[in-house]
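Subject: The structure we talked about

Hi there,

Here is the structure I promised to pass on. Please open it alongside this note, and you can follow each point on screen as you read.

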Amino acid sequence: MADLLASQILRRKSFRSFRDDPPDPQLMEELVDFLSDLTPPEPNIDWNFDTLPYLDMVKLCISEPGVKAPCYLLLRAERKRFSLQNCGYLGEMAVLWLTSRNVATCWQGSASITSENDFYGSLPFVTAVAIGYSDEDFRSDASEFDRLPAEKTTYNRVAEYKPILELGRLAPSAYNRQPCVFVTDDRKRIHLYRRQKLFANPVKEFEQCVDSGVALAHLELGARDAGYNPTIQRLYPAPKFKQSLAYQATVVLE
Ligand SMILES: Cc1cc2nc3c(=O)[nH]c(=O)nc-3n(C[C@H](O)[C@H](O)[C@H](O)COP(=O)(O)O)c2cc1C
């Protein structure tokens, strides 16, 4: 499965136009099974998800979703350190799984659902992904990605781990801000950081924590595809690199 999903990274893109027909119900059931079997990077944080049709999504959201789609995946999690990162990881795994089934997706980080407006007793809403079929094409070539060059995002033993780091670099991020930086060491580890400003805007911070989970999903899949048996760990004390970078997690390759 990991190699199948890793290969979808090159095909995935954010779709902004969806047809009205809903995704196949059988496929949505398989998505539920796939997601339910995943273990996010921080396994002891309670999380769950819903799949909702457009009209139900509109009822829950403060304003209409930015992208109109027949279906949405909603990710919820208790508010704990790294719960946003978990949702980024889970959502991106779902996105790549759907891509492998030729279902179009678009992250909806701008969707906002307050606890008063959400289903009674739900865990706090974190983020959403629009899902459906589209007449647009999937990506066919890596040159179609609009990303920072590797020199600006990957450091140290870059050549050795290039295929894995490249999948990290191609990770989507809110507003394509690309906050993630990847640093390898001589112990077969890839440390993930995100750029952080001193007086950061809390909304941006929220989104970038989700982005870091998306990038972790790409690194993990890349590492499996390269033949490793990776684990995602949180090292204490955090490995230092540059002061402007906030440590997120480490992918230990072996
Ligand atoms: C966590 C996250 C939140 C996002 N939120 C939105 C959004 O609210 N609306 C939207 O149109 N695109 C959203 N995007 C999509 C990004 O704009 C997109 O990933 C980025 O521009 C790169 O383009 P690509 O996904 O086609 O590679 C989001 C992406 C991520 C990862």
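Glu42 and Arg234 form a salt bridge, with their closest N and O atoms 2.5 Å apart. Glu42 sits in the loop between H2 and strand E1 (47-53), while Arg234 sits in the loop between strand E8 (231-233) and strand E9 (245-252), so this pair ties together parts that are 192 residues apart in sequence. Glu42 is partly exposed, at a relative accessible area of 25%, whereas Arg234 is buried, at 14%. Do keep in mind that this is a predicted model.

In the contact between them, 22 residues of domain 1 meet 23 residues of domain 2. The two domains bury about 2,000 Å² between them, with 70% of it on carbon and sulfur atoms. On the domain 1 side, Ile9, Leu84 and Gln85 lose the most area to domain 2, and together they account for 28% of what that side buries. The rule finds one salt bridge across this interface.

Over the whole structure, the search finds 15 salt bridges. One of them joins the side chains of Glu30 and Arg101, at 3.9 Å from N to O. Glu30 belongs to helix H2 and Arg101 to the loop between H4 and strand E3 (104-107), so the pair links parts that are 71 residues apart in sequence. Glu30 is partly exposed, with a relative accessible area of 30%, and Arg101 is also partly exposed, at 29%.

Another salt bridge brings together the side chains of Asp50 and Arg76, at 2.8 Å from N to O. Asp50 is in strand E1 and Arg76 in strand E2 (residues 71-77), so here the parts tied together are 26 residues apart in sequence. Asp50 counts as partly exposed at 23% relative accessibility, while Arg76, at 2%, counts as buried. There is also a network, in which salt bridges with shared partners join Arg19, Asp21 and Asp135.

Helix H2 deserves a look of its own. Which residues of H2 are buried? They are Leu27, Met28, Leu31, Phe34 and Leu35. Looking down the axis of H2, you will see these buried residues fall within an arc of 115°, so they line one face of the helix. An α-helix has 3.6 residues a turn, so residues three or four places apart point the same way. The face of H2 turned away from the buried side carries the exposed residues Pro25 and Glu29.

Thr99 lies in helix H4 (residues 83-100) and counts as buried, at 1% relative accessibility. Setting aside neighbours within four places in sequence, Thr99 is in contact with Gln8, Arg11, Arg12 and Phe138. Lys162 is found in helix H5 (residues 162-169) and is exposed, with a relative accessible area of 52%. Lys162 and Ala150 are 12 residues apart in sequence, and their C-alpha atoms are 9.4 Å apart in space.

Happy browsing, and do write back with any questions.

Best wishes

How values were computed: Residues are numbered from 1 along each chain as its sequence is written. This is a predicted model: local features need pLDDT of at least 70, side-chain atom pairs count only at pLDDT 80 or more; totals for chains, interfaces and linings use all residues. Side-chain values use heavy atoms; hydrogens and water are left out. Buried means under 20% relative accessible area, exposed over 50%, partly exposed in between (1.4 Å probe, protein chains only). Helices (H or I, at least four residues) and strands (E, at least two) are DSSP runs, numbered from the N terminus. The arc is that of the directions from the helix axis to the C-beta atoms. Contact means heavy atoms within 4.5 Å. Buried area is the accessible area (1.4 Å probe) that two parts lose on being put together, summed over both. A salt bridge is a side-chain nitrogen of Lys or Arg within 4 Å of a carboxyl oxygen of Asp or Glu.
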